[in-house]
Amino acid sequence: MSYVYTVARLRGMENHILDTAFFSRLMDSASVDDALKALGETSYSQWISGAGNFDKAIDSEMLATCQELESFVPDKGLLDIFRLPYDFHNVKVLLKGLFKVRGGESEGRRYDLLSKLGTVDTEELTNAVETEEYSYLPYGLTDLIPQCWQLWDAAKNAQAVELLIDHQMFRAMLGVADGLGMPEITAWVKHRIDAENLRSAVRLSRMKYEASKALPFFHEGGTIPPDDMARLLNEPQETWGRLLSHTDIGAVLSALQDSGDIKASLSDVSKSLDDYLVRVLEGAKYSIDAPANVLLYLLTKEAETRNMRVALVCVAGGLDREFGRRLLSNGR
Amino acid sequence: MEYLGLSLALFGAALAAALAGIGSAIGIGIAGGAAAGVMTEDPNKFGSCLILQALPGTQGIYGLLIAFFVLNKLGLLGGAGAVALNWNQGLQILASCLPIAVVGWYSAIWQGKTSAASIMMIGKKPEAMGKAIILPAMVETYAVLALLTSILMLMGVQVG
């Protein structure tokens with residue numbers, strides 16, 4: 001099916017995406033009330049009911065965007081690739097809650113941390129996990145959740161369970177992308193896996209983690225094999241840009257290195273990687289019918305919601321504005 | 001063999017009208033999809049979108065023009081009766097129709113794609129309407145050249 005209509009409509013919708021200059025101005029608001037007033041003319045205003053409620057408003061805006069796109073995007077799989085990480089996030093929240101409950105903490109469940117952005121309704125998912133009725137769950141969750149329980153019962157290691165869930169999440173993303181038959185989307189998922197692996201490598205390196213024990217932290221399916229990622233930990237971080245120069249993602253490290261910011265904070269590295277994942281898709285901007293535009297729009301919108309959260313947290317918490325501005329993603 | 005020349009000439013006229021028309025229909029369809037997408041978000045852009053969507057329609061008109069030209073040359077318009085054509089003359093008329101048939105078909109599709117891109121451009125930057133029209137109009141140049149070629153070739157064919 002043609003994507004000309006879809007891409008044209010997304011171009012129209014892009015006009016409503018808030019740019020970083022707006023968020024920079026938003027951060028200059030004297031109070032949360034002033035900031036919320038500034039949001040009055042944006043699409044967020046319909047969701048904001050009070051000063052303490054902006055987190056839910058931001059999620060509602062993103063959910064409304066996904067639902068709107070679902071009404072006209074020909075391949076639902078494109079939206080699933082974006083939304084399924086939220087399903088896996090929800091599974092993590094539910095399982096961690098149940099682990100605590102089994103450990104004797106009656107207040108272990110944290111339903112407030114569930115995201116409505118997943119493809120599976122949160123109530124259905126909660127019900128399935130709590131009643132151990134997983135048979136209809138998608139993306140391999142049917143087999144994954146019992147495996148998580150086995151792992152938990154054997155080792156009581158929440159981090160290992162989380163890694164198991166993440167491995168399956170990326171396998172599911174690759175599966176959905178392959179099913180779409182769109183090479184550029186599959187390539188993007190591979191870059192996403194690389195970005196996640198690199199984020200883990202930076203984190204592990206700062207924790208002085210041994211390379212020989214690091215392999216389980218890296219996901220299969222990216223353009224860089226997990227072994228190569230794990231080997232990076234044997235090298236000084238300053239040399240990673242050179243070691244990965246043959247890969248696309250190596251440019252992110254090289255750019256940080258060139259700016260003398262190789263020891264940048266994790267949030268800066270994360271921001272660079274998020275921007276990289278948007279850049280990977282930017283070639284689609286020049287096509288009138290590239291399906292990748294759907295993913296590009298969703299990532300841009302997600303960056304907007306991230307910026308919104310940073311700006312409002314900065315204003316509400318009275319945090320340093322310059323620090324906040326550094327955290328803003330280059331959404332639009 | 002008596003009517004082979006006439007048949008070849010009519011085949012040429014049919015090709016000119018049909019291929020250029022098909023190209024235009026596809027081109028307008030592509031641009032229309034883009035126009036619908038942009039107008040869903042901003043219905044006020046109807047005027048600009050309509051102009052850009054109509055641009056790939058000219059090839060169909062050029063094809064029709066050549067078809068009329070051929071029919072007129074054959075004496076099939078006005079009821080005077082068809083002129084006698086040998087197969088060689090019929091083939092010459094068929095060849096004369098090919099430039100607008102082929103170029104019209106192909107250029108209309110590409111003009112439709114360029115128009116769609118321009119429609120998306122005005123979806124984001126309405127002030128760029130002037131530039132947005134020029135880009136698909138560049139494709140039109142080659143359809144006009146093909147039309148001229150077909151006309152000049154047809155004028156050179158001696159019949160009757």
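A:Asp248 counts as partly exposed because 16 C-beta neighbours lie inside 10 Å. The model is a predicted one. In chain A, A:Asp248 sits in the loop that runs between helix 11 (240-243) and helix 12 (250-258). Between A:Asp248 and A:Gly181 there are 22 Å in space, C-alpha to C-alpha, and the two are 67 residues apart in sequence.

The largest nonpolar core has 92 residues, and the members that touch the most others are A:Ile81, A:Met173, A:Leu295, B:Ala34, B:Ala116 and B:Ile119. Helix 5 (residues 76-102) of chain A supplies the largest share of this core, 10 residues. Once neighbours within four places in sequence are set aside, B:Ala34 has contacts with A:Val4, A:Tyr5, A:Ala8 and A:Ile288, and also with B:Ala116, B:Ile119 and B:Met120. Another core, of 30 residues, lies apart from the largest one, and its members include B:Leu15, B:Ala16, B:Phe69 and B:Leu85.

The axes of helix 3 (residues 58-73) of chain B and helix 5 (residues 129-156) of chain B cross at roughly 5 degrees and come within 10 Å. Helix 3 of chain B is therefore roughly parallel to helix 5 of chain B. On the helix 3 side, the contact is made by B:Thr58, B:Gln59, B:Tyr62, B:Ile66, B:Phe69, B:Val70 and B:Lys73. Helix 5 of chain B contributes B:Glu140, B:Ala143, B:Leu147, B:Ser150, B:Ile151 and B:Leu154. By type, the residues of this contact are eight nonpolar, three polar and two charged.

Methods: Residues numbered from 1 in each chain as written. Chains lettered and ligands numbered in written order. Predicted model: local features only at pLDDT ≥ 70, side-chain atom pairs only at ≥ 80, totals over all residues. Axes fitted to C-alpha atoms, helices over the stretch in contact; angles between N-to-C directions. Helix = DSSP H or I, 4+ residues; strand = E, 2+ residues; numbered from the N terminus. Parallel < 35°, antiparallel > 145°, perpendicular 65-115°, else oblique. Contact = placed C-beta atoms within 7 Å. Nonpolar A, V, L, I, M, F, W, Y, C, P; charged D, E, K, R; others polar. Core = buried A, V, L, I, M, F, W, Y, C linked by C-beta atoms within 7 Å. Buried ≥ 20, exposed ≤ 12 C-beta atoms within 10 Å, placed from the backbone.
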